[in-house]
Amino acid sequence: MQTHPRACPRCAGDDPRPLPRYGDGQWRIVRCGGCGFAYVPVAPDYAELAANLAWEKTSKQEATRRDARTPHARKSFRRLRSLFRGLRTDQGEVMRRHLPEGAVLDVGCGDGTRVPAPFTPFGIEISEGLWARADAHMRGRGGYAVNAAALDGLNAFQDGGFAGIAMRSFLEHEDKPREVLAAAFRKLQSGGVV
């Protein structure tokens, strides 16, 4: 797998301190000696995320691995999650409450179904398979999706074009979170929300 070292995403410092109980194998977690932020000091190249680490390819494998490693804990976790599912705030309801009608960009959009009506959905998805599904769905509602890494995808859209930008379960996986957030804010209309 093609990877590269990375500095602290928060302060750009290069003083990683081990957190021995956290992380697994290649994906160990460290704490920045400068600011204390915890992060993974080695990141997969974007090409790996698109081809070999795409969510639809790895999520079931990871669930199977976790089930085998801690079967009782995983069973309890699934039971608790199902009990609390009804208490979770619906993302669509949050959008309707805080955004004016208009275009909404979903970064890491998966299959493209998370942006509710009355919003016009646009998306960025690195996985080619998920992007194709998202693009077809979004075009049917007046938008479209871009197949790219987040920063490249954001740069494909004009500044000031979105009422809102969603990043659900995305930013913690991004290699360049500061750059992505800066680009996202440029894409917002005045008063828009990420």
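Which unit do strand 7, helix 5 and strand 8 make? Together they make a right-handed β-α-β unit, with helix 5 covering residues 128-139. Keep in mind that this is a predicted model.

**Strand 7 and its neighbours**
- Strand 7 runs from residue 120 to 125 and is mostly covered, with five of its six residues buried.
- Strand 6 (residues 103-107) runs parallel to strand 7, and five bridges join the two.
- One of the contacts here has L105 with F122 of strand 7 as its bridge partner.
- Strand 8 (residues 145-147) is also parallel to strand 7, joined to it by three bridges.
- Across from I124 you'll find V146 of strand 8.

- The structure has five aromatic pairs.
- F122 and F162 make an edge-to-face pair, with 5.6 Å centre to centre and 75° between the planes.
- Since F122 sits in strand 7 and F162 in strand 9, the pair ties together parts that are 40 residues apart in sequence.
- Both F122 and F162 are buried.
- Y144 and F157 count as stacked, because their ring centres are 5.6 Å apart and their planes are at 25°.
- Y144 is in the loop between helix 5 and strand 8, while F157 is in the loop between helix 6 (150-155) and strand 9, so this pair links parts 13 residues apart in sequence.
- Y144 is partly exposed at 29% relative accessibility, whereas F157 is buried at 6%.

- Three strands form an open sheet in the order 2-3-4, with antiparallel pairing.
- Strand 2 (16-24) and strand 4 (38-39) are at the edges with a single partner strand each, so one side of each has no neighbour in the sheet.
- Strand 2 and strand 3 (residues 27-32) are antiparallel and joined by five bridges.
- As one example, G23 has R28 of strand 3 as its bridge partner.

**The second largest pocket**
- This pocket holds about 200 Å³ of space.
- Its lining has 13 residues, and V94, M95, I165, A166 and V194 lie nearest its centre.
- Helix 4 (91-98) and strand 9 (162-166) are the elements that give two or more residues to the lining.
- Helix 4 makes the largest contribution, four residues.
- Sorted by class, the lining has nine nonpolar, three polar and one charged residues.

Conventions. Residues are numbered from 1 along each chain as its sequence is written. This is a predicted model: local features need pLDDT of at least 70, side-chain atom pairs count only at pLDDT 80 or more; totals for chains, interfaces and linings use all residues. Side-chain values use heavy atoms; hydrogens and water are left out. Two strands pair if DSSP finds at least two bridges between them. Buried means under 20% relative accessible area, exposed over 50%, partly exposed in between (1.4 Å probe, protein chains only). A crossover is right-handed if, with the strands pointing away from the viewer, the path from the first strand over the helix to the second runs clockwise. On a 1 Å grid over the protein atoms alone, a cavity is a set of points where a 1.4 Å probe fits but cannot get out, and a pocket is an open set with protein on both sides within 12 Å along at least five of seven lines; lining residues have an atom within 4 Å of a point. Grid points are joined across faces, edges and corners, and a volume is the space filled by probe spheres set on the points. Ala, Val, Leu, Ile, Met, Phe, Trp, Tyr, Cys and Pro count as nonpolar, Asp, Glu, Lys and Arg as charged, and the others, Gly among them, as polar. Rings of Phe, Tyr and Trp (its six-membered ring) pair if their centres lie within 6.5 Å; planes under 30 degrees apart count as stacked, over 60 as edge-to-face and the rest as tilted.
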